[in-house]
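Visitor: I would like to go through this model by its terms. Please set each value against its cut-off.

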Amino acid sequence: MIGKRPGISAYDNKETNMSTYLELARKHEPQLVRFMRDIIAIKSLSSQEGQVIKRIQAEMKKLGYDKTWIDPMGNLIGQIGKGKRVIAIDGHVDTVDVGDLKQWKTDPFDPVLKNGILYGRGCSDMKGGVAAAVYAGAMLKKSGRMPKNVTLLVTATVQEEDCDGQCWDFIVKKDKIRPDLVIITEPTSLRVYRGHRGRMEIEVETTGVSCHGSAPERGVNAVYKMAPIIADIEKLNERLKPRKPLGKGTVTISHIRSRSPSLCAVADGCTIHLDRRLTVGETETIAVNQIRNLPSVKKAKAKVTVLNYDVPSWTGLVFPFKKYFPTWEMPGSRPEVKLAEQAHQEVFGEKAVVGHWTFSTNGIATAGLHGIPTIGYGPGHEHFAHAPNECVEIEHLVRAAAFYAGYVDAFGR
């Protein structure tokens with residue numbers, strides 16, 4: 001039980017109990033669902049998030065946020081409170097595209113609500129988390145339960161799908177915002193998550209000598225030089241060992257392209273794109289050296305490069321970022337994780353399930369690059385991310401909003 005706070009009479013005029021956050025969230029459900037439908041209907045691919053950012057900012061203002069602003073990169077930040085302890089609840093608002101429309105049962109940008117489930121692109125990944133966080137802040141303010149010693153920042157961030165963490169690297173370095181804790185609202189099936197594998201994007205390039213395709217012996221085919229490298233990378237993936245608690249690092253070839261003067265010529269260039277997932281203890285240096293030291297790479301004198309991301313945001317700002325996304329993992333004994341378990345128990349009356357994501361999130365920057373304590377908790381399910389017929393349960397949106405409010409409350413004790 002928590003002592004009574006001023007302003008609580010707006011709801012029930014009773015001594016505050018953490019379980020009442022679920023009741024408050026249920027009262028906000030109609031508004032929350034309308035808001036979700038609005039932002040799902042706005043297509044917002046990476047670098048094209050301006051319209052949805054402005055819609056979310058309008059909702060924050062309507063709900064009485066103390067302050068809202070859009071930074072030079074295009075990230076939206078809403079603030080409630082002005083205490084010394086700062087907690088940020090983060091979600092990205094860009095989505096991947098829809099892929100083959102024939103695989104969708106509904107229009108991905110005309111959200112359909114059926115049997116308590118909302119369908120549309122971005123429902124799970126991850127506008128649901130953003131919407132729930134926006135309403136959690138409103139619940140805290142309207143009920144008078146916002147802790148006096150806490151500043152809550154709700155962030156709607158951009159370009160994550162193309163370059164996860166870049167937005168938060170900007171927020172820390174350029175906006176000069178460094179919270180004491182970040183909650184990532186990527187889908188966790190309403191579980192408490194405490195980390196995930198990192199990743200890298202690497203290219204390997206071989207070069208050859210072109211000649212007419214009718215006499216290939218006159219040239220050096222860069223594709224043939226790449227062939228043993230491809231085989232060695234497959235074997236490297238098999239050799240990588242799992243490490244607790246995040247499992248096995250992996251490497252796979254996700255794209256291959258060649259270059260030649262024409263389709264009637266020997267290729268004088270070949271490039272493969274590697275998706276390298278990094279488990280505990282695997283760093284950029286380790287992963288790059290594993291590729292460079294392959295016998296086939298050495299023999300071909302292939303060039304190994306870690307890629308950079310320098311695509312303008314929707315505001316036109318370019319913030320270059322190396323495509324090395326570090327592994328991060330918060331020990332289960334950390335107070336931030338324990339507080340999440342406690343808040344879940346108090347809000348819902350049931351024990352929290354604790355785990356890790358399979359995919360990567362903005363946590364690679366908050367925790368991985370900048371060492372900010374970070375946890376995850378979000379509505380929806382990871383397996384719906386990037387998939388056709390993406391959806392989220394309305395009950396998940398309600399419960400996520402209740403958890404965020406409860407966590408902020410507990411954070412201020």
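Guide: Start with the pocket. On a 1 Å grid over the protein atoms alone, a pocket is an open set of points with protein on both sides within 12 Å along at least five of seven lines, where a cavity is a set of points where a 1.4 Å probe fits but cannot get out; lining residues have an atom within 4 Å of a point. Strands (E, at least two residues) and helices (H or I, at least four) are DSSP runs, numbered from the N terminus. The model is predicted: local features need pLDDT of at least 70, side-chain atom pairs count only at pLDDT 80 or more, and totals for chains, interfaces and linings use all residues. Residues are numbered from 1 along each chain as its sequence is written, and side-chain values use heavy atoms, without hydrogens and water.

Visitor: Which strand supplies the largest share of the lining of the largest pocket?

Guide: Strand 14, with three residues. Strand 14 (269–278) and strand 10 (198–207) each give at least two. The pocket holds about 330 Å³. That volume is the space filled by probe spheres set on the grid points, which are joined across faces, edges and corners.

Visitor: What makes up the lining of the largest pocket, by class?

Guide: Eleven charged, five polar and two nonpolar residues. Asp, Glu, Lys and Arg count as charged; Ala, Val, Leu, Ile, Met, Phe, Trp, Tyr, Cys and Pro as nonpolar; the others, Gly among them, as polar. Of the 18 lining residues, Glu161, Asp164, Arg199, Arg277 and His386 lie nearest the centre.

Visitor: Why is helix 4 called largely enclosed?

Guide: Buried means under 20% relative accessible area, exposed over 50%, partly exposed in between (1.4 Å probe, protein chains only). In helix 4 (residues 123–143), 19 of the 21 residues are buried, so the rest of the structure largely encloses this helix. Just after helix 4, glycine 144 has a positive phi of about 75 degrees.

Visitor: Is cysteine 211 buried or exposed?

Guide: Its relative accessibility is 12%, so cysteine 211 counts as buried. Cysteine 264, at 52%, is exposed.

Visitor: What makes strand 1 and strand 2 a pair?

Guide: Two strands pair if DSSP finds at least two bridges between them. Four bridges join strand 1 (residues 67–70) to strand 2 (residues 76–80), so they pair, running antiparallel. Threonine 68 has glycine 78 as its bridge partner in strand 2.
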